[in-house]
Amino acid sequence: MASMGPRLKDIALRANVSQATVSLVLNRKPGVSIPTRERIIKIARDLEYGQTRKDTYGAFEATGTIRFLKIAMHGHTVNRDHDVFIADYIDGLAKGALGHELSLEVATFDRVPVEEIVAGIGGPSLRGVVALGTELGADDIAQFGGVDVPVLFLDTFHDFLDFDFVDMNNRDAVSRIVTYLFENGHRDIGFARSPVNTRNFHLRDESFHHATRALGLEVSERNIFTVDSTFQGAYKDMGEQLSGRDRMPTGLVCTNDIIAYGCIKALREHGFGIPDDVSVVGFDNLPLSSVMDPPLTTM
């Protein structure tokens, strides 16, 4: 009897996964992490699984590579607190790459000069680059102009730069937050801003003032709090600004959820109830927001 060749269970045993997981990978279905997917594909190739099942082998034979660049220039926003976003980005990119018979590479750069990052982009199989632009300025992005494959930037946008961008509508989102508080009876609304140099933060800062003016609200400078964008930094900075205060605005808009978490901790330690004294709204919809007590209202 002729040999049947390697089977799904042979790959599953070597990869220490279920046969169902192997089937998902070989049929380009979602639901499997990138490291596991890559390990299964390598084992299948080592076993020459594709030699006996060319139709399936062709389904996962990559025709090129997409490279995702996780770039942290200062780490105030691209850090462990926001890894949930990065995981979602990578998962979506992996699914999209598989759908176009491409493989996904992930490269992480922590405080590496942009010119070094750009110099390392290349390779005969590279079909395009997706770069996390959260901490990149316009001058940083302009340095990618010499890259000879398409480059797309996530989580930022700059006019007059000849690249593709995918970004959220910060202005509309902040306007909705302020309007939500206004419609719930708040007329004294404050803002916890961050001086960290990211375009999203700048836009949210500007949009808060624009939205309050549009609603005819006067915002006291005393109710604008400047805090770091990390949890501990926001907690410390907010605590210092609360010293000696016996009154807060009834609503507080925070630049993001991490800042909101730090501010809430400081507010409680200074005797302010959430939401009895201060209704706090964040931005980002991080998973932790839903399990806080009370759950954080967030965009």
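Two strands are taken to pair if DSSP finds at least two bridges between them. On this basis, the predicted model contains an open sheet of five strands in the order 7-6-8-9-10, with parallel pairing. Strand 7 (224-226) and strand 10 (297-298) form the edges of this sheet, each pairing on one side only. Within the sheet, strand 8 (residues 251-254) runs parallel to strand 9 (residues 279-282), and three bridges join the two. Glycine 251 has serine 279 of strand 9 as its bridge partner. Helix 9 (residues 170-183) packs on the sheet and touches strand 6 (189-193), strand 8, strand 9 and strand 10. The direction of helix 9 makes about 160° with that of strand 9. Helix 12 (residues 257-269) lies across strand 6, strand 8, strand 9 and strand 10, and runs at about 160° to strand 9.

An open sheet of five strands is also formed in the order 2-1-3-4-5, with parallel pairing. Its edge strands are strand 2 (103-110) and strand 5 (164-166), each of which pairs on one side only. On average, neighbouring strands of this sheet are turned by 20° against each other, direction ignored. Strand 1 (residues 65-72) and strand 2 run parallel and are joined by eight bridges. In this part of the model, isoleucine 71 stands opposite phenylalanine 109 of strand 2.

Helix 2 contributes Thr21, Val22, Leu24, Val25 and Leu26 to the contact, and helix 3 contributes Thr36, Arg37, Ile40, Ile41 and Ala44. By class, the residues of this contact are seven nonpolar, two polar and one charged.

The largest pocket holds about 430 Å³ of space. It is lined by 24 residues, of which Phe85, Tyr89, Asp155, Met168 and Asp284 are the closest to its centre. Helix 6 (83-99) and helix 10 (199-214) each supply at least two residues of the lining. The lining of the largest pocket divides into twelve nonpolar, eight polar and four charged residues.

Key
Residues are numbered from 1 along each chain as its sequence is written. This is a predicted model: local features need pLDDT of at least 70, side-chain atom pairs count only at pLDDT 80 or more; totals for chains, interfaces and linings use all residues. Side-chain values use heavy atoms; hydrogens and water are left out. Contact means heavy atoms within 4.5 Å. Helices (H or I, at least four residues) and strands (E, at least two) are DSSP runs, numbered from the N terminus. Ala, Val, Leu, Ile, Met, Phe, Trp, Tyr, Cys and Pro count as nonpolar, Asp, Glu, Lys and Arg as charged, and the others, Gly among them, as polar. On a 1 Å grid over the protein atoms alone, a cavity is a set of points where a 1.4 Å probe fits but cannot get out, and a pocket is an open set with protein on both sides within 12 Å along at least five of seven lines; lining residues have an atom within 4 Å of a point. Grid points are joined across faces, edges and corners, and a volume is the space filled by probe spheres set on the points. Axes are lines fitted to C-alpha atoms, for helices over the stretch in contact, and angles run from 0 to 180 degrees between N-to-C directions.
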